[in-house]
Amino acid sequence: MGKSVDLRVKIGNLSLKNPFLVGSGPTVRDLDQIKAAADSGWAGASVKLAIEPFPYLNFNPRYRWLKQDKIHIFTAEKRLTAKEGLKVVEQARNQISDDFLLIPTITYDGEDYEGWGKLAKQFEDAGAQAIELNMCCPNMSYNLSSTGESTKKSTGASLGNDLACLPIAVKCVTDAVRVPVIVKFSAENPHLPASAYAALTNGAAAVGHNGNWLGIPDIDIKNPDKSIYRLQDQITLGCMSGPFVRPLAMRDTYQLRRGLGPDAVIIGSGGVSNLQTAVQHLMVGASALWICTETMIRGFDWMPKMLEDLVVYMNEMGYESINDISSRLLKNIASANELTVHDGYAYIDPEKCINCGICWKIGHCNAIDHDDKTSYVNKDLCLACSTCVDLCPKKAISMVQTN
Ligand SMILES: Cc1cc2nc3c(=O)[nH]c(=O)nc-3n(C[C@H](O)[C@H](O)[C@H](O)COP(=O)(O)O)c2cc1C
């Protein structure tokens with residue numbers, strides 16, 4: 001047994017028992033799912049988006065999990081009505097212990113902004129311990145404007161991008177409820193730290209981003225009109241999530257942390273699927289994480305092992321709390337003009353080289369040649385870029401540092 005470590009994370013006056021929230025999405029839209037997440041030790045659930053007035057865009061879900069490219073993508077999705085969302089929160093609050101946080105995700109799409117506050121208050125009265133404002137969904141007005149449709153009003157991602165309107169909506173909510181308010185922005189927000197700052201200065205307790213990017217999935221070039229979605233006719237811009245978006249998502253979290261400073265509570269999201277990816281995302285600035293795609297693919301019951309592994313890892317590294325991990329790398333991420341680049345060259349081990357020829361083809365390098373037994377590097381021509389190390393199927397190439 002190692003030393004005990006503190007996994008808790010504070011959001012305003014709330015304490016998450018660990019940094020892992022089920023991100024709003026199709027795995028937290030009903031009571032049984034939320035119970036399953038609670039039973040597996042998750043800290044809480046950002047309950048599936050509830051929209052009022054309803055419907056906005058609302059279709060039965062059509063998803064693709066493009067395993068090879070590690071992309072999850074979708075456009076069609078079913079949202080909850082406010083009534084459905086309130087019922088789920090009420091039922092869950094009555095049946096699940098308080099240390100599992102219920103954080104409904106809401107969007108108000110009426111003409112006024114006061115409606116945001118009224119909707120949030122209804123969810124607070126139903127037992128929500130925090131309220132999450134969806135200023136992130138790309139499949140609302142953002143998708144419409146991206147495909148040339150006109151929209152009356154900004155919702156989801158477009159509202160979060162709108163520095164004039166988002167503070168009004170946030171303030172209406174923070175004035176209306178006592179529980180902490182979390183604002184979730186789009187990863188595509190062109191001024192993410194500024195939007196997040198506006199939310200915090202209007203009373204939000206935490207901010208975060210969804211990690212999602214709109215993309216165009218594969219097209220069958222022999223049958224270009226056909227959609228890759230099953231049981232859906234059209235090709236659409238789709239909301240990408242999962243491992244593919246992870247480097248972009250970590251960059252967003254990092255930029256939020258840099259922009260907002262050490263005290264802001266920042267929730268990161270995008271492609272977290274295991275201990276390694278979770279710790280990395282915490283290290284670049286997240287205080288906590290929303291995880292969605294991995295729960296669609298693997299359910300919830302991998303969390304107990306992940307928590308166990310996290311404690312072992314923290315003991316090994318001498319970290320006593322999540323705070324010791326969070327932002328650990330902030331000061332290590334250098335600007336492009338601050339690099340220390342060592343001289344050196346690639347070396348090919350003749351014992352391991354099978355002369356397969358893959359490294360001979362590298363387009364930006366003239367340094368690799370071969371005889372009939374092995375390949376070798378001309379040190380004077382080697383740029384020391386290290387692409388050959390990554391390409392070698394036999395791990396025969398390594399870098400030699402000369403200064
Ligand atoms: C099918 C699907 C539905 C989602 N629905 C919502 C939603 O209703 N509200 C929301 O704030 N985020 C929603 N998200 C975003 C996720 O909560 C999460 O932030 C994002 O997908 C990145 O994390 P991941 O790579 O772990 O999925 C959805 C994601 C997916 C894949």
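I count two strands as paired if DSSP finds at least two bridges between them. Helices (H or I, at least four residues) and strands (E, at least two) are DSSP runs, numbered from the N terminus. I am working on a predicted model, where local features need pLDDT of at least 70, side-chain atom pairs count only at pLDDT 80 or more, and totals for chains, interfaces and linings use all residues. Residues are numbered from 1 along each chain as its sequence is written.

Sheet. I checked E4 (residues 44-45) and found two bridges joining it to E9, in parallel. Ala-45 sits opposite Leu-102 of E9. I then traced the whole sheet: it is open, has 11 strands and pairs in parallel, in the order E8-E5-E10-E11-E12-E13-E16-E17-E3-E4-E9. E8 (80-81) and E9 (101-102) are the edges; each has a single partner strand, so one side of each lacks a neighbour in the sheet.

Helix pair. I looked up H2 (residues 82-95) against H3 (residues 114-125): they pack at about 25°, with axes 9 Å apart. Axes are lines fitted to C-alpha atoms, for helices over the stretch in contact, and angles run from 0 to 180 degrees between N-to-C directions. H2 is therefore roughly parallel to H3 (angles under 35 degrees count as such). Ala-82, Leu-86 and Val-89 of H2 meet Leu-119, Gln-122 and Phe-123 of H3 (contact: C-beta atoms, placed from the backbone, within 7 Å).

Domains. I noted domain 1 (9-332) and domain 2 (341-401) from the domain assignment, whose bounds are automatic or from a database. Their centres, taken over C-alpha atoms, are 44 Å apart.

Key:
Angles under 35 degrees count as roughly parallel, over 145 as roughly antiparallel, 65 to 115 as roughly perpendicular and the rest as oblique. Two residues are in contact if their C-beta atoms, placed from the backbone, lie within 7 Å.
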